[in-house]
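Take a look at the chain shown here. Turn it around before reading on.

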Amino acid sequence: MQEFDVAIVGAGAAGLFCASVAGQLGLRVVLIDHSARVAEKIRISGGGRSNFTNTQVSAANYLGQNPRFAKSALARYTPRDFVELVRKHGIGFHEKHKGQLFCDQSAQQLIDMLLAECTAGGVTHWQPCALHSVRFSASSPFGKSASCYEIDSERGTLRCAALVVATGGLSIPKIGASNWGYRIARQFDLPVVPTRPALVPLTFDAAAWAPFAELSGLSLPVEIATGGKKDTMRFQEDLLFTHRGLSGPAVLQISSYWQSGTPIRLNLAPSNVVAEQLLQAKAEGNRRKIANVLAALVPSRLADTWVARGPQYGHEWNRPVNEASDKSLQALGEQLARWELTPTGTEGYAKAEVTAGGVDTAALSSQSMESRQSGLYFIGEVVDITGWLGGYNFQWAWSSAFACAQALAASLR
Ligand code: FDA
């Protein structure tokens, strides 16, 4: 039977980084993944350029039962620390939008960087390697450690003093996502917060959506908010119309906070007071059709579709501005500024960037990521900590991995 100080399951962002740091701190580390390729999510992230962190990170950018749990790890390994590592490897990067840092060339450079760091730490890779079962033994052959895990895999059985679960969430099953991490948590009686797709496009009833489906592909800046009166979340980002509903950064952000059965609210012209501008056009005797005047304030395709929705005003929205009633112009402006609609669902894990929910932080130490099951650690997305869109999820992967690796070295060396 082979022996290691630490077995890390999941060679994604968190697993690779944790393995490299723990290895460089002198631990014997094996990194196991059932997929043939490492870090597929890094490879496809940020359109192939990976939005690997954000310059402005705080616990306020995360959700979960207790987002403050993330505070300690985020403070001990910051975006600046990761940027330093990226610089050390000569990888060019740039800031795109709201503090989001992307590689200049390719996400593959980050994967190569993490693999090089693993090599520097003497990490053993078992990949592809399916795992069968995990057993805990209270009698440990490992000097300083009280725990011992035996893991049966297709490469045989290994023994280790600590087991780190870095298997990520359920999104994009076709590139290796599995529920293994949640199953291990349950095996050791650790609570798991129910999971759901997050950072995901929202869908609508097909008949109700039909008038907007023709806008598919249209993108515009909006303000978006959750519909509830209490604890409203609000973002200013771009919205994208799709055949089945809404997507784009605005909708991905709000989807993480959206609760089934509740509405979302959109202001489709956040930098204009549309009603006022239409009334002013009328006062100036403007004879152009409402849609044409509106097209100066929102994209013309949206203006056309929107005025076609106005039968309740006897098709007044099809008239020239100077012939429309003040009431109908006001109604048009207000409806654009306060469009309230209730999604029927989401595009699910197949399209979600992340999984909300996961291993309950109440059962984990925010200092070390160790669970109340001795020697069993959880890092990255498998934990009930979900970041906003914008590099926050990778930063959580790096920070939680670093905290875990430091704690492993302190307890096992
Ligand atoms: P991650 O999913 O990276 O790794 C988990 C690993 O565990 C995988 O290699 C998997 O094969 C392995 N595994 C799973 N089950 C296993 C089992 N049973 N046995 C063995 N191995 C197993 N975030 C961000 O901050 N910026 C961005 O630009 C993007 N972009 C983005 C785009 C897309 C399309 C997606 C789907 C996601 C993003 N994200 C993102 C989110 C980000 O990719 C994600 O939060 C991190 O990869 C999570 O890192 P982890 O290491 O926790 O899991």
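This report goes from the whole chain to its helices, strands and loops.

**The whole chain**

This is a predicted model, in which local features need pLDDT of at least 70, side-chain atom pairs count only at pLDDT 80 or more, and totals for chains, interfaces and linings use all residues. Residues are numbered from 1 along each chain as its sequence is written, and side-chain values use heavy atoms, with hydrogens and water left out.

The chain has 13 helices and 21 strands. Here helices (H or I, at least four residues) and strands (E, at least two) are DSSP runs, numbered from the N terminus. The C-alpha trace spans about 90 × 45 × 35 Å along its principal axes. Of the 413 residues, 55% are buried. Buried means under 20% relative accessible area, exposed means over 50%, and partly exposed lies in between (1.4 Å probe, protein chains only). A contact means heavy atoms within 4.5 Å. Among contacts with a separation of 6 or more, 72% link residues 24 or more positions apart.

**A covered helix**

Helix α8 spans residues 248-255. Seven of its eight residues are buried. They include Val251, Leu252 and Ile254. What do the buried residues of α8 pack against? Their partners are the strands β11 (192-198), β12 (202-203), β13 (219-226), β14 (234-241), β15 (245-247) and β16 (264-267).

**Paired strands**

Strands of a sheet pair through backbone hydrogen bonds, either parallel or antiparallel. Two strands count as paired if DSSP finds at least two bridges between them.

| Pair | Bridges | Sense |
|---|---|---|
| β3 and β6 | three bridges | antiparallel |
| β13 and β14 | seven bridges | antiparallel |
| β14 and β15 | two bridges | antiparallel |

β3 and β6 belong to an open sheet of three strands, in the order β3-β6-β5. Its edge strands are β3 (51-54) and β5 (93-95), and each pairs on one side only. Neighbouring strands of this sheet are turned by 30 degrees against each other on average, direction ignored. Asparagine 54 stands opposite glutamine 100 in β6. Helix α4 (residues 79-88) lies across β3, β5 and β6, and runs at about 140 degrees to β3. Axes are lines fitted to C-alpha atoms, for helices over the stretch in contact, and angles run from 0 to 180 degrees between N-to-C directions.

Now back to β14. Its leucine 240 is the bridge partner of serine 219. Phenylalanine 241 stands opposite leucine 246 in β15. β14 and β15 form a hairpin, with three residues between them.

**Two packed helices**

How do α11 and α12 pack? Helix α11 (residues 300-307) and helix α12 (residues 326-337) meet at an angle of about 120 degrees, with their axes 12 Å apart. That makes α11 oblique to α12. Angles under 35 degrees count as roughly parallel, over 145 as roughly antiparallel, 65 to 115 as roughly perpendicular, and the rest as oblique. In the contact, Leu302, Trp306 and Val307 of α11 meet Leu332, Gln335 and Leu336 of α12.

**Backbone details in loops**

The peptide bond from glutamine 127 to proline 128 is cis, with omega near -5 degrees. Proline 128 sits in the loop between β7 (124-126) and β8 (131-137).

Lysine 98 is not a glycine, but its phi is positive, near 50 degrees. Lysine 98 lies in the loop between β5 and β6. Its relative accessibility is 47%, so lysine 98 counts as partly exposed.

Isoleucine 172 also has a positive phi, of about 55 degrees. This residue is in the loop between β10 (156-165) and α6 (180-187). Is isoleucine 172 buried or partly exposed? Isoleucine 172 counts as buried, because its relative accessibility is 18%.
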